[in-house]
Amino acid sequence: GGYDGILRRPAVVYCAENEEEKQIIMESAKEYIEKTFSLMGIAEPSVSIDEEHKKISVIVDDKVVYANLPLFLPALEHICGTVFKKNKLPLFVIDVNYYRKERERIISDLARAAAKKAMMTKSDIELPPMNSYERMLVHTEITLHPELTTESSGEGKERRVVIKRIS
């Protein structure tokens, strides 16, 4: 056990044996997200949970959040991940105002265009710096092209994917 410092109730162990327990776990995750936004002064976030794909989608009407999503989203995910782990809840990918979903689409489009360019020019294509999640999306997209391979290069915030033809 132990007590959750935010929800003020016994910590839940993620070991759902039935639908009722699953619902309690999902409600705890939703309640935590809602409470977090409330503490930030953001009223009435719309929170939906896709348990199968381990995704939480949050819709908020807040100009400050919207303007800072590239910084806000990783911070929110870190905070929630820490609390969820402490309370034995499953980890989720969090998306706010469909930012991550749109970013995934852009990264996949970029990877497909770079793959096409690598095939046509027969040269290595270096993509711009990306975070680890975005690099993983590129590596995954390029696996659909058996004639291409990928590798990451660079350090820290300058880490990027290079797409190469297999000779």
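**Close-up views of a predicted model**

View 1. Although Asp95 is buried, it has no salt bridge, and the nearest side chain of opposite charge, that of Arg100, is 5.2 Å away. Apart from neighbours within four places in sequence, the residues in contact with Asp95 include Ile56, Ser57, Val58 and Leu73.

**View 2. The hairpin of E1 and E2.** Strand E1 (residues 46-50) and strand E2 (residues 55-59) run antiparallel and are joined by five bridges, with Ser46 standing opposite Ile59 of E2. Four residues lie between the two strands of this hairpin, and in the turn Lys54 has a positive phi of about 55 degrees.

View 3. Three strands, in the order E4-E6-E5, form an open sheet with antiparallel pairing. Strand E4 (125-126) and strand E5 (148-153) are the edge strands, each pairing on one side only. E4 is joined to strand E6 (residues 160-165) by two bridges, and Glu126 stands opposite Val162 in E6. Helix H4 (residues 99-121) packs on the sheet, where it touches E4, E5 and E6, and its direction makes about 35 degrees with that of E6. Helix H5 (residues 132-142) also packs on the sheet, touching E5 and E6, and its direction makes about 165 degrees with that of E5.

Key:
Residues numbered from 1 in each chain as written. Predicted model: local features only at pLDDT ≥ 70, side-chain atom pairs only at ≥ 80, totals over all residues. Heavy atoms only, no water. Pairing = 2+ DSSP bridges. Contact = heavy atoms within 4.5 Å. Axes fitted to C-alpha atoms, helices over the stretch in contact; angles between N-to-C directions. Buried < 20%, exposed > 50% of the residue type's maximum accessible area, 1.4 Å probe, protein only. Lys, Arg positive; Asp, Glu negative; His and termini not counted. Salt bridge = Lys/Arg side-chain N within 4 Å of Asp/Glu carboxyl O.
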